[in-house]
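Please keep the structure in view while reading.

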Amino acid sequence: MKKISLLFLLLWIAWGASAQTRQITGIVRDKSSGSPLPGVTVKVTGGSQGTVTHADGRFSLSVPSEQKASLQFSYLGYQTQTAAVPSSGKPLSIQLEAAINNINEVVVIGYGSVRKSDLTGSVVSIKGDEVTKVPSTNVMESLQGKIPGADIVKSNGSSNAGTSVLLRGHRSIAGSNGPLYIVDGAIYSHIEDLNPNDVQSIEVLKDASSTAIYGSRGANGVVIITTKSGKAGAPKVSLNVYGGLSEVSEYPHYMTGPEYVTFQRQSYRTAGTWNSPADDPKIFNAAELNDIKNNTWTNYRDLLI
């Protein structure tokens, strides 16, 4: 008697579970070709139920019956699509559309262009705004620390010294190891003459593939610079000013000639020796009186540093 009661209990639980769900079937195809798509993920929106399509593109899935459910279809390379579950139980027919991916981006290299997906060389792109962030009149000096693997240093400490640029190390004993500069499509030798504010973008080719475009002259790397061009509209004037003060740290301040004369007069006034410029011969020698008369003095501090 107990076995019969337990059997009826299990059948009642199974019947109750089946009454709360319903079976949905359908097929998923490619929209352009109409061929079935195997392996498409089919999932109840907002739920945990899910399945994948078979080799013929067909699927079967149990969904809750007490509420309006919708199914989400997702597949690699196709746009995700959502469809409502029909109340009639009619099989679904889903057509997925291929997703358009931006994989054909074009990168300009030298005198030509190549798809970004086909580019195997090492290219570093720098915007003109990055160049002007550094207060320098030399374009390459402004790129210090912004190009991986590039060694950019000044040749000496002079203010008008050139900049040494190494992209691929020392490759020649007697020849130049500097890169080839291309400005607006033309070979440019004096890169220090280029105004950093005129730079629109900079592309640096660092690997050996640059020789395929520029030959042996590009063996040390290539720096491609594009300058700004005119724009349509009313004329626009901009001003960029940089100012600074340079002083030697902890260097004492020395009095100028007029400051020294005033100091001497006031000190002797305190001692009662000087009362007016007529008393200058009492406190200054002949050479000092001549300098005071002609208002001449030498700034030995500036001459020294």
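## Strand pairing

Two strands are said to pair here if DSSP finds at least two bridges between them. The model is a predicted one, and in this model strand 2, made of residues 41-44, pairs with strand 5, made of residues 70-74, in the antiparallel sense over 4 bridges. One point of this pairing is K43, whose bridge partner in strand 5 is Q72.

Strand 5 also pairs with strand 6, residues 81-84, again in the antiparallel sense and over 4 bridges, and here L71 stands opposite A83 of strand 6. Strand 5 and strand 6 form a hairpin with 6 residues between them, and within the turn G77 has a positive phi of about 90°.

## An aromatic pair

Over the whole structure, a search finds 3 aromatic pairs. In the pair of F59 and F73, the ring centres are 5.6 Å apart and the planes stand at 70°, so this pair is edge-to-face, the cut-off for that class being over 60 degrees. Because F59 belongs to strand 4 (residues 58-64) and F73 to strand 5, the pair ties together parts that are 14 residues apart in sequence. F59 and F73 are both buried.

## Helix 4 and its cover

Helix 4 runs over residues 257-271 and has 15 residues; from its first C-alpha to its last it reaches 22 Å, which is close to the 21 Å expected at 1.5 Å a residue. Which residues of helix 4 are buried? They are G257, V261, Q264 and R265, and, seen down the axis of helix 4, these buried residues fall within an arc of 95°, so they line one face of the helix.

The cover over the buried residues of helix 4 includes helix 5 (280-283) and helix 6 (286-294). Just after helix 4, G272 takes a positive phi of about 85°.

## The chain as a whole

The chain holds 7 helices and 16 strands, and of its 305 residues 27% are buried.

Conventions. Residues numbered from 1 in each chain as written. Predicted model: local features only at pLDDT ≥ 70, side-chain atom pairs only at ≥ 80, totals over all residues. Heavy atoms only, no water. Helix = DSSP H or I, 4+ residues; strand = E, 2+ residues; numbered from the N terminus. Expected span 1.5 Å × (residues − 1). Buried < 20%, exposed > 50% of the residue type's maximum accessible area, 1.4 Å probe, protein only. Arc of directions from axis to C-beta. Contact = heavy atoms within 4.5 Å. Phe/Tyr/Trp six-rings, centres within 6.5 Å; stacked < 30°, edge-to-face > 60°.
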